[in-house]
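I am opening a notebook on a structure that I have not looked at before. I will take it one place at a time and write down what I find.

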Amino acid sequence: MAISKIENKTAVKIALLEFLRSKYILYAISLILFIIFWDISAKMNGRFLPRPWAVLMELINGINEPIAGKILIVHLWYSLKRVFIAYAIAIAIGIPIGLLMGYSKLINAWIKPIFDLFKPMPPIAWISLAILWFGIGETSKVFIIVLGAIVPVILNSMNGIRLIDPSLYHAIRMLGGNSRQEILEVTLPASLPAIFAGLQISLSMAWTTVVAAELMGAREGMGFIIIRGMSVSNPAMIVGGMLVIAVTAWLLSVLMTLLERRICPWKTELEH
Amino acid sequence: MENRTRALKNFKVQCVGISKSFGEGNEKKLILDDINFGVGDEFVVVLGPGQSGKTTLLNLIAGLERPSTGQVFVDGEEVTGPGPDRGLVFQKYTLFPWKTVMGNVEMGLKLSGMSKKERREMASYYIDLVGLKGFENSYPHELSGGMKQRVSIARAYVNKPKVMLLDEPFGQLDAQTRYLMENEIIRIWQAEKRTIIFVTNNIEEAIFLGDRILSLDGKFPGRLKTIYDVDLDRPRDRADTSFLKIRQRITEETMLIL
């Protein structure tokens with residue numbers, strides 16, 4: 001009886017230790033410690049760093065209190081809309097270019113030097129030229145986001161084709177496939193996981209670029225919120241905007257991962 | 001050449017005066033030299049050590065490579081490229097990772113334009129034949145090595161090829177699975193007889209499987225050395241005295257170290 005009591009106690013202890021060691025608990029502790037550290041720092045220097053509570057209140061206010069004539073969710077929607085338009089354009093242009101560059105050495109030889117010249121240029125460096133060309137409206141912002149988003153799409157589509165195991169082509173030929181069937185049944189599906197990886201990088205690039213583009217000359221959007229926070233000296237608005245941007249980026253990447261699992265269910269093999 | 005062609009005329013697969021070299025100029029390397037043989041409605045094993053050109057020989061029959069000299073005929077027609085009248089089973093499985101077992105097996109029928117209902121039915125039969133019933137919707141990465149090779153065999157069989165070409169198909173399997181699969185390929189073959197050319201470097205496997213064994217020289221260029229007739233009843237017993245006798249004889253003559 002006494003022994004079993006001791007055993008029970010030990011079992012509870014072990015379970016508790018195990019619970020404390022599980023990574024989600026550690027995640028939570030890490031976050032809580034960070035927020036406490038943030039709060040203490042903000043308390044000591046309240047003028048420039050808002051306290052967590054103030055940021056939360058600012059966000060709640062933003063739900064129905066307009067900033068520059070629009071509520072927070074509308075600002076977020078403006079940014080997302082720009083990203084989606086630019087993203088769609090980047091995909092529509094980037095995938096065919098990448099596939100052609102991977103498929104044909106000749107086309108690759110024509111496009112590659114130009115592509116390599118523009119590739120390392122940060123998209124935001126185009127902003128002055130974009131404003132000169134397209135004015136300060138939507139077009140120049142979308143243009144810049146397209147420039148940022150298209151690079152990973154092209155690179156991954158190209159490599160997706162190049163890295164296909166040649167024996168898969170042998171297999172389809174032995175089964176009687178002609179060159180059209182070879183493209184449909186091997187080239188496209190085999191390059192899909194790499195293309196998808198490119199789309200994921202591209203989406204996060206697009207999101208980063210939209211915020212940067214909105215920092216200059218926008219009247220709405222998440223980038224604008226941050227600039228607005230600066231001009232009205234409201235640090236809580238700035239940090240709140242930053243948080244919304246981060247959470248949106250995270251949600252977008254989760255969405256892409258779910259989509260990928262649906263479209264390429266065999267991809268787990270590549271990750272092993 | 002004329003005489004050879006006539007002598008091989010009655011065989012389903014004929015290799016006439018084949019040589020194959022790779023590279024150019026000083027880099028040129030002769031891989032196969034003066035290969036002549038015919039294969040009828042039988043299970044033939046091509047036995048040779050690594051670097052004997054046996055995979056190259058199989059690729060020539062498959063049409064994935066062209067011979068430098070000589071010709072390959074299947075049913076009297078010269079092989080000029082890959083095609084579904086020859087079913088190839090690769091050493092590294094080479095399944096389509098984005099297709100399920102069903103999708104892989106029915107691929108040849110799909111390419112030939114068969115209707116979905118018909119090809120599902122036919123593919124199901126062969127999936128059943130190779131022992132994979134219940135795995136139709138699995139993806140290759142969910143299968144073991146032995147199961148992948150079953151899919152590969154079914155994928156080739158379903159096209160009803162005139163000849164099956166197997167390139168060291170069990171070379172990547174562990175010893176136990178390998179024994180099992182050797183029994184399985186005989187079972188499948190006896191259920192539906194096809195002309196089979198099976199390449200291996202394993203003497204025991206060659207004797208267990210083959211009606212005849214074509215032994216290639218080691219070291220380039222590969223030449224056809226000896227043809228052994230294996231007159232053992234099936235199922236064969238690897239520990240039987242007559243089995244071991246043949247094994248001893250081939251081992252001595254090929255000087256392969258087992």
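Predicted model: local features only at pLDDT ≥ 70, side-chain atom pairs only at ≥ 80, totals over all residues.

**Entry 1, a residue in a loop of chain B.** I began with B:Gln51, which has 14 C-beta neighbours inside 10 Å and therefore counts as partly exposed. For this I used the rule that a residue is buried if 20 or more other C-beta atoms lie within 10 Å of its own, exposed if 12 or fewer, and partly exposed in between, with C-beta atoms placed from the backbone. I found B:Gln51 in the loop between β3 (43-47) and α2 (54-62) of chain B; helices (H or I, at least four residues) and strands (E, at least two) are DSSP runs, numbered from the N terminus. The phi of B:Gln51 is near 65°, a positive value in a residue other than glycine. I noted this because most residues other than glycine have a negative phi, and most peptide bonds are trans.

Residues are numbered from 1 along each chain as its sequence is written, and chains are lettered from A and ligands numbered from 1 in the order in which they are written.

In chain A I looked up A:Ser233, which has a positive phi of about 50° although it is not a glycine. A:Ser233 sits in the loop between α10 (222-231) and α11 (235-263) of chain A, and it counts as exposed because it has 10 C-beta neighbours inside 10 Å. Back in chain B, the peptide bond from B:Arg234 to B:Pro235 is cis, with omega near 0°, and I placed B:Pro235 in the loop between β10 (224-229) and α9 (241-254) of chain B.

In chain B I traced an open sheet of six strands in the order β6-β7-β8-β3-β9-β10, with mixed pairing; two strands pair if DSSP finds at least two bridges between them. The edge strands are β6 (86-89) and β10 of chain B, each of which pairs on one side only.

**Entry 5, strand β3 of chain B.** How many of the five residues of β3(B) are buried? Five of the five are, so β3(B) is largely enclosed by the rest of the structure. B:Phe43, B:Val45 and B:Leu47 point one way from β3(B), whereas B:Val44 and B:Val46 point the other way. With strand β8 (residues 195-200) of chain B, β3(B) pairs in the parallel sense over five bridges, and the partner of B:Val44 in β8(B) is B:Ile197. With strand β9 (residues 212-216) of chain B, β3(B) pairs in the parallel sense over four bridges, and there the partner of B:Val46 is B:Leu214.

I then followed an open sheet of four strands in chain B, in the order β2-β1-β4-β5, where the pairing is antiparallel. β2 (29-39) and β5 (77-78) of chain B stand at the edges with a single partner strand each, so one side of each is left without a neighbour in the sheet. Strand β4 (residues 69-74) of chain B is joined to β5(B) by two bridges, and B:Val74 has B:Glu77 in β5(B) as its bridge partner.

I found 15 residues of chain A in contact with 20 residues of chain B, two residues being in contact if their C-beta atoms, placed from the backbone, lie within 7 Å. On the side of chain A that touches chain B, the elements that give two or more residues are α8 (166-174), α9 (179-215) and α12 (268-271) of chain A, and α8(A) gives the most, with six residues.

I placed B:Ser112 in the loop between α4 (107-111) and α5 (116-129) of chain B. B:Ser112 and B:Asn159 are 47 residues apart in sequence and 9.3 Å apart in space, C-alpha to C-alpha.
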